[in-house]
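Please read it alongside the sequence and the coordinates.

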Amino acid sequence: QVHLGESGGGLVQAGGSLRLSCAASIRTFSSYAMGWFRQAPGKEREFVAAIGRSGESTDYADSVKGRFTISRDNAKNTVYLQMNSLKPEDTAVYSCAARRASLSTTTFRTYDYWGQGTQVTVSS
């Protein structure tokens, strides 16, 4: 039984910050690489950030580099996405995903589990 639950989304003004959390009900959380994806209405799902199971390797989409930071706390079975300097184009439903592998990937379909998502809305 695996469940991923995102939280921390909301409405924020441009330039503001939000910190998303993804709590995982996974027995061996440290055995999973984790990723964040987002999808806006009328657009296809896109990769945002990913982190390896050790927490030492990370990857980011070019559109969020320098603004977003992914991290994980294996003791809490939680992965985070710190979002700073938010822009209206960041508005989307953000979902986390788990992959039974050491290394992360930017391809959504390679992940084994994913959450329902949390809405992030950035106003101008």
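Strand 1 and strand 3 pair in the antiparallel sense over four bridges, where strands are DSSP runs of E with at least two residues, numbered from the N terminus, and two strands count as paired if DSSP finds at least two bridges between them. This is a predicted model, in which local features need pLDDT of at least 70 and side-chain atom pairs count only at pLDDT 80 or more, while totals for chains, interfaces and linings use all residues. Residues are numbered from 1 along each chain as its sequence is written, and side-chain values use heavy atoms, with hydrogens and water left out.

Within the pairing of these strands, E6 stands opposite C22 in strand 3. Strand 3 (residues 18–24) is also joined to strand 8 (residues 78–83), which runs antiparallel to it, by six bridges; among the partners in strand 8, Q82 is bridged to R19, and T78 is bridged to A23. These strands belong to an open sheet of four strands with antiparallel pairing and the order 1-3-8-7. Its edge strands, each pairing on one side only, are strand 1 (4–7) and strand 7 (68–73). Neighbouring strands of the sheet are turned by 15° against each other on average, direction ignored, the axes being lines fitted to C-alpha atoms and the angles running from 0 to 180 degrees between N-to-C directions.

Strand 3 is mostly covered, with five of its seven residues buried; buried means under 20% relative accessible area, exposed over 50%, and partly exposed in between, with a 1.4 Å probe and protein chains only.

The disulfide joins C22 to C96, with an S to S distance of 1.9 Å. C22 lies in strand 3 and C96 in strand 9, so the pair ties together parts that are 74 residues apart in sequence. The torsion about the S-S bond of C22 and C96 is about 45°, so this disulfide is right-handed.

The structure holds five aromatic pairs; rings of Phe, Tyr and Trp (its six-membered ring) pair if their centres lie within 6.5 Å, and planes under 30 degrees apart count as stacked, over 60 as edge-to-face and the rest as tilted. Ring pairs also link F37, F47, F108, Y111 and W114 into a cluster.

| Residue | Relative accessible area | Class |
|---|---|---|
| C22 | 0% | buried |
| C96 | 0% | buried |
| Y32 | 8% | buried |
| Y113 | 28% | partly exposed |

Technical notes:
A disulfide is a pair of cysteine sulfur atoms within 2.5 Å.
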